[in-house]
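Keep the structure open beside you and try each task before reading its solution.

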There are 2 protein chains.
Amino acid sequence: MSHPHPDLGTPPPLAEGGLRIVALGGLGEIGRNMAVFEHDGRLLIVDCGVLFPEPEQPGIDLILPDFEYIRDRMDDVEALVLTHGHEDHIGAVPYLLRERRDIPIVGSKLTLALVEAKLTEHRIQPVKVEVVEGERHRFGPFETEFFAVNHSIPDALAVAIRTSAGLVLHTGDFRMDQLPMDGRLTDLGGFARLGAEGVDLLMSDSTNAEVPGFVTSEREIAPVIDEVIRTAQKRVIVASFASHVHRVQQVMDAAANHGRKVALVGRSMIRNMGIARDLGYLKVPPELIIDSRDVEALPPEDLVLICTGSQGEPMAALSRMANRDHPIRIAEGDTVLMASSLVPGNETAVNRVINGLTRWGARVVHKGNAKVHVSGHAAAGELLYLLNVTRPSNFMPVHGEWRHMRAHAELAALTGVPRDHIVIAEDGVVVDLVDGRARIAGAVSAGYVYVDGTSVGDVTDFALKDRRILGEEGFISIVIVVDSATGKLAGGPEIHARGSGIDPDMLSEILPQIERALENNAADGVADAQQIRRVVRRTVGRWVSDTFRRRPMIVPVVIEV
Amino acid sequence: MSHPHPDLGTPPPLAEGGLRIVALGGLGEIGRNMAVFEHDGRLLIVDCGVLFPEPEQPGIDLILPDFEYIRDRMDDVEALVLTHGHEDHIGAVPYLLRERRDIPIVGSKLTLALVEAKLTEHRIQPVKVEVVEGERHRFGPFETEFFAVNHSIPDALAVAIRTSAGLVLHTGDFRMDQLPMDGRLTDLGGFARLGAEGVDLLMSDSTNAEVPGFVTSEREIAPVIDEVIRTAQKRVIVASFASHVHRVQQVMDAAANHGRKVALVGRSMIRNMGIARDLGYLKVPPELIIDSRDVEALPPEDLVLICTGSQGEPMAALSRMANRDHPIRIAEGDTVLMASSLVPGNETAVNRVINGLTRWGARVVHKGNAKVHVSGHAAAGELLYLLNVTRPSNFMPVHGEWRHMRAHAELAALTGVPRDHIVIAEDGVVVDLVDGRARIAGAVSAGYVYVDGTSVGDVTDFALKDRRILGEEGFISIVIVVDSATGKLAGGPEIHARGSGIDPDMLSEILPQIERALENNAADGVADAQQIRRVVRRTVGRWVSDTFRRRPMIVPVVIEV
């Protein structure tokens, strides 16, 4: 099995006729999926998603792939293929289009509708190429073919890419629900046909590679949701992803069954379900939906609310209900149904929401105590099916953390892919498919690009390190005014601290020490601002560390008058 | 069911002959367990533990109960009963003893040995009262009786407290393993005897009240651990809690079975297992243990290392191995066995460790993929047994978050405890047992007391709020020097920013705006330092918000020369 070496260098030029693959996101992490394919000097991109930040990325709104690798080659991009409409596959599209507005966006009807709604918010009118499963489209030297896959959003696609270097199958995200809600099965037959033709490289979704067996059919959730709504005493509040059309459909069906009206709560839920309804993916009986502003007019037992916030997002409706900071006030007898996964990293936030809702008297039904969610990603048993029908010569696990990609690699080895034809790569690792063999050829920069407020990329890892220190320890600033003519102290030192938890009275104890240190320093010779800053930082830092065993940020400011 | 009302006031004086119970921790949270019992003007405390901080408490080392409620009444404390030796039950004892050194500490042999080792580090020599199950001890007006309970540490006790107000049973933490490793069963017979006598109030561990059924016997883990060690190719590194004597015993037995030596890694692991061995709780064959500095001399296949870090603690051995920041370097073929629970809140950290270890080639066995851990807390099935044998007149769930206490209350109601005799309290809620009825009587302050470095309580929620702002947004400081004689600007404005992610060149754009604002302000009349600060804060804050949609901390500093 090939692993990226820690000090991979710049790759050599791609061999004539070869295919180069560089993931700018999605390998070693769950999110910001983006793979760049290069052949004959041209580029094809598959997906362009965002990653949501973890606690070590404080204050960050979104994390984007770093486009640096292709920044100077935007004109070489033939197309951007979007496999489906989840944020971790389409969320970074507006930022990519800022680099070049007319990159053709290729995807299914629903995917294009969702990305277009997003681009409208960014005031971008995209160039769209709508495709359906079974079709072939040529983009420059890339001959693509699309296959239906089942996932937790309708209309998802896998893409096969044919070049003279060989045939690559990229699954996107998928599972193999054999009784899908919309009857649209993952196209195992199509994949078998590719297998017969000869798949030179399989790139397949690793998210659930550690999970043994098979994902339960989405259909099996319906009776559980129905039972929750049937037996609920008062209001039912359902939290779900704003893109999970089939889950929302099941909730609406159950509400209609039991004579309850449905109100959608939250901007993204209302927008996406509007799109899904307009395009026919969501079937809504007339009169079922009421406006969320009218819910107080209905008796609680006649109502189902569908909202976002299933991941404990602090600003979402559900968190605000848990904190009594929302017009909808949870009361004894209400039922909250969290019909969603628990995305790793969100456990603490979700737990806080469940405790808050429970405290106000709600019964909370979640995947921990009822079968109200199934994953959108194929488990190990399904991944084996795919490996066995495609019989790839080379395998590259994608979309997952290290643990998932490694588990997926082991599955591939079990089905007979030779271990030295399995490539585990990370973001930025360059994989070349040449003469039928996939090999690691080098690495390019593929770091995190942070979106914070309106700025993209201004917040660096350096600023984040500062935030972590400030967030854990606060800061102490010491202002000193120096007479620029004489070089003598003209004012201060004045000392300020925030978040340090150090008593201001104790802080003032350090002033004589600073003054003494400055005098000694002056006695040693010339004192420039930089030297004063150094002396002050050392004196204060040592005192705080010795006295409190803490390391706040020390910020000496020397100002000349 | 009684719930605490959000605006409970100071309680009235305790009725003559009544028993007052105030939990200063452990209700509404998992950790810092501490219950204060008052009768006839005297106090008895059960447990005194710490809570480990969550991400919203950045930089904090430990969270203690607030002793304010009893600070003026330390002389009324008859004794501190410790139910067992886990940190969330004994960790705050050194801080309580700072208030009064000679409070008698009551506990079993192992519990006292563990707390004594801790107190030695704080240079405190405690007054100890060693007790064993089956014994009765009188502490002032409190007649106590101790019962064996099985938990994830040996020698745990439940305590019954008899006063003229009635009989209270406090379970401590427990489970009902029917085939315990040490043969020491939870004393169901003893509890039945109390039930026959009449339990006026049951206070019982709620941690696993949401988990249906029964906790598997600790014994069933042994064959799994044995198999992991038998089939491991190279080194086996086991991560476990430093107090889990029986788990460590199982690992040592398996290592001995397969001819491997064992090295203990980490200060707390070495210390606690030394105590357990000296007291006969851990049986270690001679020659099994080697010093961790000698591990390189042994072939990897002859070695088992036992370390801490199973919760992803960044400074623990396992995290450092995952980051290649530890003398023990993980290599392809090594096996890491995380034989422990995953404490809520630690998911992200543990996931990072698993990914890091996997990246270096280790196979990681954890509770997600093998039966290598069982909980120390009774599940719903076991809790029903306890409720049925004790048949309490009143019930108060303890040790758990809201969701757990509420689930436990439902279990009590199912066994026939009248709903209006069930009291769900929070930390600081005052519960009085008077005339055979437990009722909420008011509330006292029971906030978090933070330990940060060497200081206790200096870091307040106010400082933490500052840390959160600084950690998410950084700060911008603006220094202005004013001539104290003329009131005119004598230097600056100088602007500094850290963690804000705002380009220094852009920052300087705001300087003319500040100067203009100061001029306008001066034109309006007298400008004192406070007014200048206000103007500067408003000007800079508005500019940052408009330009970047961010809210860093704005720190104006006015210095007079």
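A residue counts as buried when its relative accessible area is under 20%, as exposed when it is over 50%, and as partly exposed in between. The model used here is predicted.

**Exercise 1.** Find the salt bridge between Lys118(B) and Glu87(B), and classify each residue as buried, exposed or partly exposed.

*Solution.* Start with the distance: the side chains meet at 2.9 Å, N to O. Now apply the cut-offs. Lys118(B), at 11%, is buried, while Glu87(B), at 29%, is partly exposed.

**Exercise 2.** What does the pair Asp452(B) and Arg550(A) join?

*Solution.* First, the side chains form a salt bridge at 3.6 Å, N to O. Then look at where they sit: Asp452(B) is in strand S22 of chain B and Arg550(A) in the loop between H16 and S26 of chain A, so the pair joins two chains. Finally, check accessibility: Asp452(B) is buried at 2%, and Arg550(A) is buried at 2%.

**Exercise 3.** Describe the interface of chain A and chain B in numbers.

*Solution.* Begin with the residues: 59 from chain A and 59 from chain B take part. Then take the area: about 5,400 Å² is buried, with carbon and sulfur atoms giving 52%. Arg359(A), Arg403(A) and Arg498(A) supply 12% of what chain A buries against chain B, more than any other three residues. Last, count the charged pairs: eleven salt bridges cross the interface.

Technical notes:
Residues are numbered from 1 along each chain as its sequence is written. Chains are lettered from A and ligands numbered from 1 in the order in which they are written. This is a predicted model: local features need pLDDT of at least 70, side-chain atom pairs count only at pLDDT 80 or more; totals for chains, interfaces and linings use all residues. Side-chain values use heavy atoms; hydrogens and water are left out. Contact means heavy atoms within 4.5 Å. Buried area is the accessible area (1.4 Å probe) that two parts lose on being put together, summed over both. A salt bridge is a side-chain nitrogen of Lys or Arg within 4 Å of a carboxyl oxygen of Asp or Glu. Helices (H or I, at least four residues) and strands (E, at least two) are DSSP runs, numbered from the N terminus. Buried means under 20% relative accessible area, exposed over 50%, partly exposed in between (1.4 Å probe, protein chains only).
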